[in-house]
Amino acid sequence: MRLLIVAVGQRVPDWAQTAYDDYAKRFPHEIKVELKAVKTEPRGSKSLETLYAAERERIEAAIPRGTRIVVLDERGTPLTTKALAQRLKDWQLSGDDVALVIGGPDGLDPAFKQAAHERIRLSDLTLPHAMVRVLLIEQLYRAWSVNAGHPYHRE
């Protein structure tokens with residue numbers, strides 16, 4: 001199985017990249033984790049619809065056909081760690097590759113969110129994009145650890 005994290009925004013602080021890399025390398029070989037950062041559309045005087053369209057095109061180009069699309073959305077389904085672990089198990093059993101999509105400064109195109117297979121919420125808090133990458137990869141690793149009976153996750 002491949003977990004593809006597609007994030008709008010190419011630059012993150014060194015601490016965030018270091019933390020992301022640390023968790024990404026912990027996954028077992030049967031789960032391949034990949035990060036694809038796509039360019040944020042320059043804001044300027046462009047309309048929101050123009051920004052959404054440009055970023056959506058880049059996001060869709062980064063996701064291989066047939067991949068299950070899960071968007072991170074503030075109005076998405078809230079998940080506990082155990083619920084995310086179950087989702088991960090279901091994705092693995094289905095044999096689907098999964099793309100988890102993190103939007104840019106203005107979020108994601110509403111039609112793209114609506115067309116996604118799932119919409120999940122990581123937190124009720126507003127988080128900086130660099131923190132979202134780290135939180136997402138950590139929670140995916142924790143979900144894997146729950147399923148594997150690994151001591152990383154203790155209740």
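In this predicted model, the second largest pocket is lined by R56, E60, I63, R65, I69, F112, A115, A116 and H117. Its volume is about 160 Å³. Helices α2 (48-62) and α4 (110-115) each supply at least two of the lining residues. By class, five residues of this lining are nonpolar, one is polar and three are charged.

The largest pocket holds about 540 Å³ of space. Its lining comprises 22 residues, and L72, D73, E74, L127 and V132 lie nearest the centre. Two or more lining residues come from each of β3 (68-78), β5 (118-121) and α5 (129-148). The greatest contribution is that of β3, with four residues. Nine residues of the lining are nonpolar, six are polar and seven are charged.

Strands β3 and β5 also belong to an open sheet of five strands. The strand order is β2-β1-β4-β3-β5, and the pairing is parallel. The edges are formed by β2 (32-38) and β5. Each has a single partner strand, so one side of each lacks a neighbour in the sheet. From one strand to the next, the twist averages 30°. The parallel strands β3 and β5 are joined by five bridges. T77 stands opposite I120 of β5.

Helix α3 (residues 81-94) lies across β1, β3, β4 and β5. The angle between α3 and β3 is about 160°.

Notes
Residues numbered from 1 in each chain as written. Predicted model: local features only at pLDDT ≥ 70, side-chain atom pairs only at ≥ 80, totals over all residues. Heavy atoms only, no water. 1 Å grid on protein atoms, 1.4 Å probe; cavity = no way out; pocket = protein on both sides within 12 Å on 5 of 7 lines; lining within 4 Å. Points joined across faces, edges and corners; volume = space filled by probe spheres on them. Nonpolar A, V, L, I, M, F, W, Y, C, P; charged D, E, K, R; others polar. Pairing = 2+ DSSP bridges. Axes fitted to C-alpha atoms, helices over the stretch in contact; angles between N-to-C directions. Contact = heavy atoms within 4.5 Å.
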